[in-house]
Every structure is written in structure tokens, then in C-alpha cells.
Amino acid sequence: MTFFACIGMLCASSAHASPAVDASRCLSVMQPEPPRSMDPADQVATDTSSILTAMYEGLVRSDADGTIHPLLATAWTHDPQGTTWDFVLRRNVRFHDGHPMTADAVMRSFRRLLDRTAPLAGSSRFMAVVDTVTTTDDDMTVRFHLRRPYPDFLLLLSFSQAYVTSPFAGTSLSRQADGTGPFRFVEWKSSEYVMQSRNPDYWGTQSDITNVRWLWSAEPSVMDMSLHTGDSDIVSNLPALYAQQMQGDPRFVIYDDRNGPLYWIAINMDRRSGSDIRIRQALNYATDRHALVHALLRDRGQPARSPLQPVSPYFVSYAPDPQYDPQRARTLLSDAGLAAGMTFNLAVQDMDEPIAEALQDMWKKSGIKLRISRLEGGVYASEAFADPMQKEALQLDGVLASWSSGFIPDMQLRPLFYSASAAPAGANLGFFHNPDVDTLINQGAVETSEDIRKDIYARVQKMIMHDAPAVLIYTRDTLVGMRADITGLVVRPDGALDITHVTRNRQPHS
């Protein structure tokens with residue numbers, strides 16, 4: 001209880017908030033993990049994006065269904081080929097440091113994102129699409145030259161990595177945000193919280209919320225307690241067990257979004273377990289996805305049957321049926337010379353350890369001994385994105401991870417299965433390489449005919465499922481628990497929370 005008593009005072013005790021702050025206008029949000037950075041270009045984590053979305057803005061924004069709306073850009077045009085785009089910027093917008101947002105500032109923000117000499121964590125998504133960013137004769141128009149037509153360019157610009165940063169922030173961006181959003185950065189106490197306050201100079205409608213406090217815990221019971229005690233008003237990625245228990249309770253609202261992340265194990269193709277397709281197939285047949293969805297998600301998710309999420313318009317299931325066949329897994333291992341079984345070393349982030357523990361028990365039936373390396377966020381990221389030599393030194397056979405790309409199939413397939421996205425450059429954590437898959441991913445990204453595009457993505461899904469470079473586990477619904485007095489929350493296509501339009505009618509906690 002001491003923990004909650006302490007954090008409950010933060011809104012009032014912040015150096016930037018008066019002790020007389022109206023508690024009904026102070027919002028508290030809890031997530032499973034801390035932010036990776038205050039620099040939007042140097043992160044690819046959903047929970048980090050949630051925090052940054054309150055402080056930064058992009059040229060455009062997307063609704064939960066992928067519909068595009070103006071934001072820092074009020075209008076845009078492109079040439080007939082779709083390779084040159086002009087964005088007319090909103091006037092009278094200032095960064096939190098007081099400098100005006102101009103075409104030059106936006107150009108410099110994107111050039112930093114595209115700088116190949118100092119690549120940032122989010123750069124790879126944009127380097128493959130954008131060639132150059134320039135200004136025009138109009139100091140409020142910025143021009144993008146694409147490497148090739150990219151039908152999903154506007155959706156890509158709505159990603160948090162494309163948020164516009166102040167060119168005057170310098171190296172401080174990693175620890176202190178400097179954007180144009182409706183909330184300003186106040187404080188980041190690394191092991192405890194991030195504080196934000198309402199931006200009094202915001203160009204748009206002022207938020208009803210004056211202060212936002214972001215907390216994190218990987219412990220499900222802490223997340224549940226935080227919501228029940230009122231120390232948190234919103235809990236993202238609420239464990240399914242607690243969401244089920246809260247269902248029907250008038251004190252809470254459960255938001256269930258089926259456009260959730262895909263969980264998978266990237267198999268290290270440079271290790272014995274990854275170099276033999278029979279072993280990779282055995283790992284897949286040893287995995288009872290339906291049981292995992294039922295036990296861990298309380299059926300709030302779907303067994304993975306493709307590298308794309310089921311909500312994608314390009315989703316096609318090429319999974320074997322049945323997917324779970326421990327005897328077939330044993331036979332495949334025997335055929336690969338492992339009749340006595342095998343050991344598989346897996347890196348997992350601390351909050352995902354329950355998945356690994358369930359797999360550990362499940363894989364025993366197929367003769368697979370799973371060794372789990374449970375890591376906190378920073379260490380996990382270092383090992384997950386390690387290069388082949390580093391992973392060999394760590395004796396890592398695989399990495400358990402999750403990924404959400406919204407509605408852009410290229411942003412699901414390219415980071416995870418494209419050869420040039422091999423770690424540390426991207427999220428191809430197992431170093432999968434198939435030139436035919438690369439060719440199809442490139443073709444799908446630029447194809448403007450919807451029928452041809454669907455055929456391309458159907459073929460690439462079939463190839464990936466055949467090659468089995470990963471154990472595709474399940475897609476998890478995005479569950480958000482909220483106090484019943486909270487309205488206006490938006491879950492973005494990438495799973496990040498947008499609290500910029502949240503309002504509340506504060507009632508005493510019961």
C-alpha cells in the first residue's frame with residue numbers, strides 16, 4: 001500500500017503542478033513497461049508511443065480504423081506517379097521550447113530520422129520508403145520524394161516515429177520531449193513515472209486534463225490493484241483474467257480491440273534449431289495455440305495462422321490443421337537426428353514470461369527442453385536486437401516478441417521477415433533470409449492494384465508459413481481497463497493509447 005500512497009501524491013507534488021491542482025483533472029495511466037526514450041524516432045515500442053502521443057504530433061493522424069485526418073499538415077497533394085508529396089503546414093504552431101514550426105523545422109526532423117550515419121531505432125521503417133525531404137519556395141510547405149510509389153504512405157506518416165520534433169532540442173530528446181502536442185514534458189523518473197502537464201500554448205482545443213502521470217508495472221496484480229484503488233484511471237494491456245473479472249462491474253469499462261499485436265518466437269536461423277526446417281516445423285507442431293489463447297488470454301485473442309493479423313484485409317491462413325501435433329513434432333526431431341530431444345534457449349521480456357512458462361510445459365511432450373532467460377526491458381532489447389555473433393555468444397536459439405503494425409502489411413512483413421531487416425537493423429530477430437520473400441515484400445509495398453496486391457501478399461504469407469522461420473503463437477486483443485468516468489480514449493491502429501481527448505466526470509471511488 002505504501003507504493004500506491006506515494007504515487008498518488010505525484011500530480012500534486014510535481015514541480016510544475018500547483019498543490020491546488022484539481023484531482024478530477026489529473027489523469028493516471030498504467031502500462032506494462034517503462035518508456036524506451038522520449039525521442040519518437042528512437043523507439044518502436046507501443047507503450048512508449050502511448051506516452052509520446054500526448055506530447056508530439058505528426059503531419060497526419062489516423063483513426064482506429066485507419067482513416068487519415070489532417071494534423072500538423074492541413075492539406076497535401078502528390079504527383080500522378082505518387083512519388084512526390086507536398087504537405088501544407090498548419091500555421092501558428094509552436095514547439096514546446098517556443099520556436100515556431102516551419103517547413104525547415106519539419107524537414108530537419110525528418111532528415112534526422114533518415115540519417116543513415118546515425119540510425120535511430122525507428123529509422124528503418126522510413127528509409128526504405130522516403131528518399132529525400134526538402135522545403136519549397138513556400139516556408140510552410142514541405143516536400144517528400146519517395147523512392148517508389150507507396151500506397152500506404154499517409155498511414156506510415158501517422159506512425160509515432162514520424163512525429164515532428166523541435167530542431168532545437170539537440171541531444172536532450174532522449175530524456176526530455178520537445179514536440180507540439182497538447183501536453184508538455186515535466187519529468188521522467190526512470191524507475192517510477194513520467195509526468196506531463198497541459199500545454200497552455202497549444203494551437204488546438206485545450207484538453208480537459210491538466211496533468212497526466214504515466215506509471216508502469218509488469219506485475220498483473222499491481223495493474224489490477226492500481227485500477228481498483230483509483231491510483232490509475234486507465235490500465236493498458238490489462239491481463240485478460242482481470243478484464244474478465246471486471247466485466248459487468250459498473251465502476252469500470254473494458255475496451256477490447258481485436259487489432260492487437262502478434263506474438264511470435266523468432267528462431268535463430270544461424271543455430272542448429274533454426275538451420276534445419278524439420279526442427280523449425282517441430283517447434284511449431286509442439287505449440288498448442290488454442291490452449292494458450294484459452295489459458296493465457298481467456299479467449300480474448302486468436303491462434304496465429306499467418307504472419308499477418310486476422311484484421312488485415314490481406315490476411316490468408318496457410319497454417320496446417322491441426323497445428324498442434326506433439327507426435328509429429330517428435331518424428332520431425334528424430335528425422336533431424338534429435339531422437340533424444342533437444343534444448344532450446346529463449347530470451348523473453350519479464351512481462352511475457354507466462355507465455356514462455358506455458359510453452360516450457362507444453363514442449364516437454366515433444367521432447368523439447370525450453371530454457372527461459374527472463375530479462376527486464378533494457379537488457380531484453382539489447383539481446384533481442386543483437387547481431388548473429390552476439391546471439392551465438394549468448395547461445396540464443398530464439399527470442400519471444402510481439403509486433404503490431406496497424407493496417408500496413410508491409411510494416412508487418414518487412415521488419416520481421418525481410419533480409420535487410422535482420423537485427424540489429426530491424427526486427428528480423430532470427431536472421432531469416434529468402435530472396436523470393438524479399439521480392440514479394442518489395443512488390444506488395446508499391447503495387448497500386450488492390451487485386452494484384454492481395455495476390456502478392458497471399459503468396460508471401462504462404463512462403464513464410466512453409467519456411468517456418470518463427471513460431472507464430474497468437475494475436476492478443478488489446479484490452480484497456482478504465483474507470484467508468486473516463487471517456488474519449490482512442491486506441492490507435494498500432495495499439496498505442498491516445499489520451500489527448502480524454503475527459504472525465506470524477507466520482508468518488510467506491
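Biologist: Happy to dig in with you! How do helix H16 and helix H18 pack, and are they roughly parallel or antiparallel to each other?

Modeller: In this predicted model, H16 (residues 409-417) and H18 (residues 450-467) pack with their axes 12 Å apart, at an angle of about 30°. Angles under 35 degrees count as roughly parallel. The two helices are therefore roughly parallel.

Biologist: Nice. Which residues of H18 make the contact with H16, and how many of the contact residues are charged?

Modeller: From H16 come Pro409, Asp410, Leu413 and Phe417, while H18 supplies Tyr457, Val460 and Ile464. Six residues of this contact are nonpolar and none is polar. The number of charged residues is one.

Biologist: Now for helix H17: is H16 roughly parallel or antiparallel to it?

Modeller: H17 covers residues 435-446, and its axis lies 10 Å from that of H16, at an angle of about 155°. Angles over 145 degrees count as roughly antiparallel. That is why H16 and H17 are roughly antiparallel.

Biologist: Which residues of H17 make the contact with H16?

Modeller: The contact of H16 with H17 divides into five nonpolar residues, one polar and three charged. On the H16 side it involves Asp410, Leu413, Arg414 and Phe417. On the H17 side the residues are Val437, Asp438, Ile441, Asn442 and Ala445.

Biologist: Which residue of S9 is the bridge partner of Arg184?

Modeller: S8 and S9 (residues 193-198) run antiparallel and are joined by six bridges. In S9, the partner of Arg184 is Ser197.

Biologist: One last thing: is Thr48 buried or exposed?

Modeller: Thr48 sits in H3 (residues 46-53). Leaving aside neighbours within four places in sequence, Thr48 contacts Pro34, Pro35, Arg36, Ser37 and Gln43. Its relative accessibility is 0%, so Thr48 counts as buried.

Terms used: Residues are numbered from 1 along each chain as its sequence is written. This is a predicted model: local features need pLDDT of at least 70, side-chain atom pairs count only at pLDDT 80 or more; totals for chains, interfaces and linings use all residues. Side-chain values use heavy atoms; hydrogens and water are left out. Axes are lines fitted to C-alpha atoms, for helices over the stretch in contact, and angles run from 0 to 180 degrees between N-to-C directions. Helices (H or I, at least four residues) and strands (E, at least two) are DSSP runs, numbered from the N terminus. Angles under 35 degrees count as roughly parallel, over 145 as roughly antiparallel, 65 to 115 as roughly perpendicular and the rest as oblique. Contact means heavy atoms within 4.5 Å. Ala, Val, Leu, Ile, Met, Phe, Trp, Tyr, Cys and Pro count as nonpolar, Asp, Glu, Lys and Arg as charged, and the others, Gly among them, as polar. Buried means under 20% relative accessible area, exposed over 50%, partly exposed in between (1.4 Å probe, protein chains only). Two strands pair if DSSP finds at least two bridges between them.
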